[in-house]
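Subject: Structure handover

Dear colleague,

Please find the structure below. My notes on it follow.

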Amino acid sequence: MSESSVPFLVDAHLHPLPGHSAATFATLAKQLRVSQLILNGSQEKDWPQVHALANSQAEIQIFPFYGLHPWYGREKEKNWMELLRQFSSHAAGIGEIGLDTRHGLPHSEENSSLQQDVFRQQLALAQSLSRPVTIHCVRAWHLLLPILREMLRHHPVPLLLHGYNASEPILSQLLPFPVWFSLGERFFRQNPEKARAVLSQIPPERLLLESDATTVEAFSQLPGFYEKIACYEGLSLQKLGGRMEENLLAYLHAANSL
């Protein structure tokens, strides 16, 4: 496939790439024909870099998200929430935040309580700013869903479930929320049968695609991943690319209508 026939793509979830300045990051994105992306600062040390990249005046459109990932809650500074509020005043959204019982101390009540407290604080911040949220959830749906039902009942915000790979019963419990589901190449590589089943269950208007990149190699796989999903969905690459752009913008702007 020639480069001219490849549409511009969106990446719903990635991270700063080590060793890349704003100029080299923008050059790489243009080479991959990525025109819009959500860039996540998932720990305090990432936030300044995300801010710099998002404000670099690059030709690509970078939507900065700032948050404290559940893996890093135990390492946070005392003034982490104050810093997050400062960065979030310029953010497109809050993330990547969430819950994870697979990493860290999975059997520790202390760790679980810490994750839930950190997550609640950040979700409340998103509510106060009317910002979309990117959520990481690994083996913690039993913790996440009750929090969402409690906190979003009267004040919903748009949610993006990144790296989504849960079962249909979980999907049915999530759909009442203003939620989008972002799928990644690794899921399709590791468990293709389940991944295709999950893909078929997600409403087309709530689907997004991501690289979840922390390296150039992972980011570079995004165009090929688009081709794979276009084949599965029976769509042209141009049609899929257009749909993903529409879905990304709908997610980012949904808070205005909630």
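Is Phe188 buried or exposed? Phe188 counts as buried, at 2% relative accessibility, where buried means under 20% relative accessible area, exposed over 50% and partly exposed in between, with a 1.4 Å probe and protein chains only.

This is a predicted model, in which local features need pLDDT of at least 70 and side-chain atom pairs count only at pLDDT 80 or more, while totals for chains, interfaces and linings use all residues. Residues are numbered from 1 along each chain as its sequence is written, and side-chain values use heavy atoms, with hydrogens and water left out.

Aromatic residues

The structure has 11 aromatic pairs; rings of Phe, Tyr and Trp (its six-membered ring) pair if their centres lie within 6.5 Å, and planes under 30 degrees apart count as stacked, over 60 as edge-to-face and the rest as tilted. One of the pairs is Trp141 with Tyr164, edge-to-face at 6.0 Å centre to centre and 75 degrees between the planes. This pair links distant parts of the chain, 23 residues apart: Trp141 is in helix H5 (residues 141-151), and Tyr164 is in the loop between strand S6 (159-161) and helix H6 (168-174). Helices (H or I, at least four residues) and strands (E, at least two) are DSSP runs, numbered from the N terminus. Both Trp141 and Tyr164 are buried.

Phe187 and Phe188 also pair edge-to-face, with 6.0 Å between centres and 65 degrees between planes. Phe187 is buried, at a relative accessible area of 12%. Phe187 and Phe188 form one aromatic cluster with Phe225 and Tyr232.

Helix H10

Phe225 is among the buried residues of H10, together with Leu222, Pro223, Tyr226, Ile229 and Ala230. These residues lie on the same side of H10, because they cover an arc of only 155 degrees around the axis; the arc is that of the directions from the helix axis to the C-beta atoms. After H10 comes Gly234, with a positive phi near 70 degrees.

Ser42

Ser42 is in the loop between strand S2 (34-41) and helix H2 (47-54). Its relative accessible area is 3%, so Ser42 is buried. Leaving aside residues up to four places away in sequence, Ser42 touches His15, Trp47, Gly67, Leu68, His69, Tyr72 and Glu96, where contact means heavy atoms within 4.5 Å.

Regards
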